[in-house]
Amino acid sequence: MSPPRHLILASASPRRLELLARIGITPDAVIPADIDETAGAKETPRALALRLARQKAQAVAALHPGSLVLGSDTIVSVGRRMLPKAEDRETAAACLKLLSGRNHVVTTGVALVGPYGVSVRAVATRLTFKTLSAVEQQHYLDSGQWLGKAGGYGIQGLAGAFCIRLTGSWEAVMGLPLYETACLLEGAGYRPLSKLA
């Protein structure tokens, strides 16, 4: 059996699409997965990130057998407390207040589902935010850049100026660790340039 050449990204995130393009990969299709993202009672951030990434990829793969499907999910946590995706200003403000002047961890899970099975990776990145003034917090909330973001921020935007220390993968904080993703694809025999042959 020849390696699959059809790649689907199971995510609606434009950031993940941009990140894949940085390593020369353009998915053949982008099909977001609609799954329940509720955390289990005793689920850790790492376990949740991996499970959601896997379930997203599997949900799309079930509709497109024979394709490679890449899924990913990012969880922001302070200790064992996992922060939600900010869908309203109040939630974003609460996240920002909690992150101000503190360390936190961003865990991104990546899953690749294909004819040969499922492969997963998780990357944890530690960050420290400066203590944010009330003016800084209001300015950021007014920007709207928090909408739909895990933990209420995107490192690639205004919040990048809040981060005084980052240990790990900057790309993983954006939503997709490139080294690990490339390894998964290579392990599955996916060769983007081979599609031109």
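Select strand β1 (residues 7-9) and β3: the two pair in the parallel sense over three bridges, where pairing requires at least two DSSP bridges between strands. Strands are DSSP runs of E of at least two residues and helices runs of H or I of at least four, numbered from the N terminus. Leucine 9 has leucine 70 of β3 as its bridge partner.

This is a predicted model, in which local features need pLDDT of at least 70 and side-chain atom pairs count only at pLDDT 80 or more, while totals for chains, interfaces and linings use all residues. Residues are numbered from 1 along each chain as its sequence is written, and side-chain values use heavy atoms, with hydrogens and water left out.

Valine 78 is opposite arginine 81. In this hairpin, with two residues between the strands, glycine 79 has a positive phi near 65°.

Now color β3 (residues 68-78) by burial (buried: under 20% relative accessible area, exposed: over 50%, partly exposed in between; 1.4 Å probe, protein chains only). Eleven of its eleven residues are buried, so β3 is largely enclosed by the rest of the structure.

Finally, select Leu7. Its contacts (heavy atoms within 4.5 Å) include Ile25, Leu68, Leu70, Leu112 and Tyr190, leaving out residues up to four places away in sequence.
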